Amino acid sequence: MPSFKSPIVSVCASVLAAIALAQPLAAQPSPAENEPGNPLLYALAWKQTSAEYRALYHQGFNIARLHVQQALAQRQPGDKPLAVITDVDDTVLHALSYWGYLVNSGRDFFEDPLWDQWIAENLVTAAPGAIEFLNYCAENGVSVFYVTSRDQGEPTLQIALSNLRTVGAPGVDEQHVTALRESSNKEIRQDEIMQSHQVVVMLGDNLNDFRRKFYIRDDVDGRIAAMEEDRDKFGMQYVLFPNPTDGHWLAAIFGESEPPASAANRQLLKQAASRSAWEGP
Ligand SMILES: [Mg+2]
């Protein structure tokens with residue numbers, strides 16, 4: 001149906017639009033009023049509910065599968081056996097109920113002692129597409145090596161094995177699962193695996209899951225520059241999954257990847273979140 005507006009209606013509409021544009025922030029609380037909000041909420045609402053978060057896992061595992069299929073098709077007699085190296089947390093396993101507990105208990109930063117209690121309870125879930133991809137590797141003779149940085153003391157490895165078995169991950173034994181307690185440097189173990197195997201692809205949610213050179217603290221731009229140097233490897237040798245709540249990207253901001261909950265750290269987080277910011281109307 002054609003619309004008709006009288007000149008008076010049009011003028012009124014223009015005036016109303018101008019008023020609305022002149023006062024776009026009127027309905028928004030000021031930053032000071034907004035201060036007590038939990039900075040985890042957006043990231044966790046996304047992790048807990050969005051189809052996009054889950055689709056990015058399928059996307060990553062589909063890409064990884066393509067590379068494995070290609071490597072299988074290109075195999076020649078005498079080649080090293082094929083392998084995949086994967087990180088564990090936020091790559092193969094999800095920890096959604098841990099984060100939900102943090103939110104429900106009013107916490108806004110990762111808390112290591114609680115993590116250690118939670119992880120021992122085997123409440124992990126499989127990342128979407130992870131088990132299907134890992135089973136595809138196992139069924140086609142491609143070894144899967146799980147390399148994780150975790151420290152729950154002496155039972156660290158047993159907890160990791162138990163977590164992976166709980167979700168039905170294949171090939172979970174002490175030869176294929178490495179739990180690094182003392183350091184987050186995975187490169188030594190990765191290089192050992194590369195000596196004996198042709199590693200088709202590495203999977204992780206943290207650049208440090210691929211190479212140690214990405215572990216850069218207190219330098220956001222330096223870390224981004226290191227990533228750009230290897231831009232051709234993403235989606236190729238490296239398959240990266242999303243993680244907006246934890247990882248070494250936090251060390252670039254805070255100097256450590258598990259910064260304590262403090263007013264100073266909340267301020268640093270706010271500065272990071274407004275690193276690029278319009279000055280406003
Ligand atoms: Mg991880």
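**Briefing: cores, sheet and selected residues**

The largest nonpolar core has 41 residues, of which Ala64, Val84, Ala130, Cys137, Tyr146, Leu164 and Val201 touch the most other members. A nonpolar core is here a set of buried Ala, Val, Leu, Ile, Met, Phe, Trp, Tyr and Cys residues joined through C-beta atoms within 7 Å. The model is predicted: local features need pLDDT of at least 70, side-chain atom pairs count only at pLDDT 80 or more, and totals for chains, interfaces and linings use all residues. Residues are numbered from 1 along each chain as its sequence is written.

**Cores and burial**

- Tyr146 touches Thr86, Val88, Leu164, His176 and Val177, with residues up to four places away in sequence not counted; a contact requires C-beta atoms, placed from the backbone, within 7 Å.
- A second, separate core of five residues includes Trp249, Leu250, Ala251 and Ile253.
- In soluble globular proteins, nonpolar side chains tend to be buried together.
- Of the 281 residues in the chain, 25% are buried. A residue counts as buried if 20 or more other C-beta atoms lie within 10 Å of its own, as exposed if 12 or fewer do, and as partly exposed in between, with C-beta atoms placed from the backbone.
- Among contacts in the chain with a separation of 6 or more, 78% are between residues 24 or more positions apart.

**Secondary structure and sheet**

- The chain contains 12 helices and seven strands; these are DSSP runs numbered from the N terminus, with helices (H or I) of at least four residues and strands (E) of at least two.
- Five strands form an open sheet with parallel pairing, in the order S5-S4-S1-S6-S7; two strands pair if DSSP finds at least two bridges between them.
- Strand S5 (177-180) and strand S7 (238-240) are the edge strands, each pairing on one side only.
- Strand S1 (residues 82-86) and strand S6 (residues 198-204) run parallel and are joined by five bridges. Within S6, Leu203 is the bridge partner of Thr86.

**Selected residues**

- Asp90 is found in the loop between S1 and strand S2 (93-94). Its phi is near 70 degrees, a positive value in a residue other than glycine. Asp90 is buried because 21 other C-beta atoms lie within 10 Å.
- Asp218 is in the loop between S6 and helix H10 (220-229), and its phi, near 60 degrees, is also a positive value in a residue other than glycine. Asp218 counts as exposed, since it has 12 C-beta neighbours inside 10 Å.
- Gln117 belongs to helix H6 (residues 112-120) and is partly exposed, with 13 other C-beta atoms within 10 Å. Gln117 and Tyr98 are 19 residues apart in sequence and 9.7 Å apart in space, C-alpha to C-alpha.

Definitions and conventions: Two residues are in contact if their C-beta atoms, placed from the backbone, lie within 7 Å.
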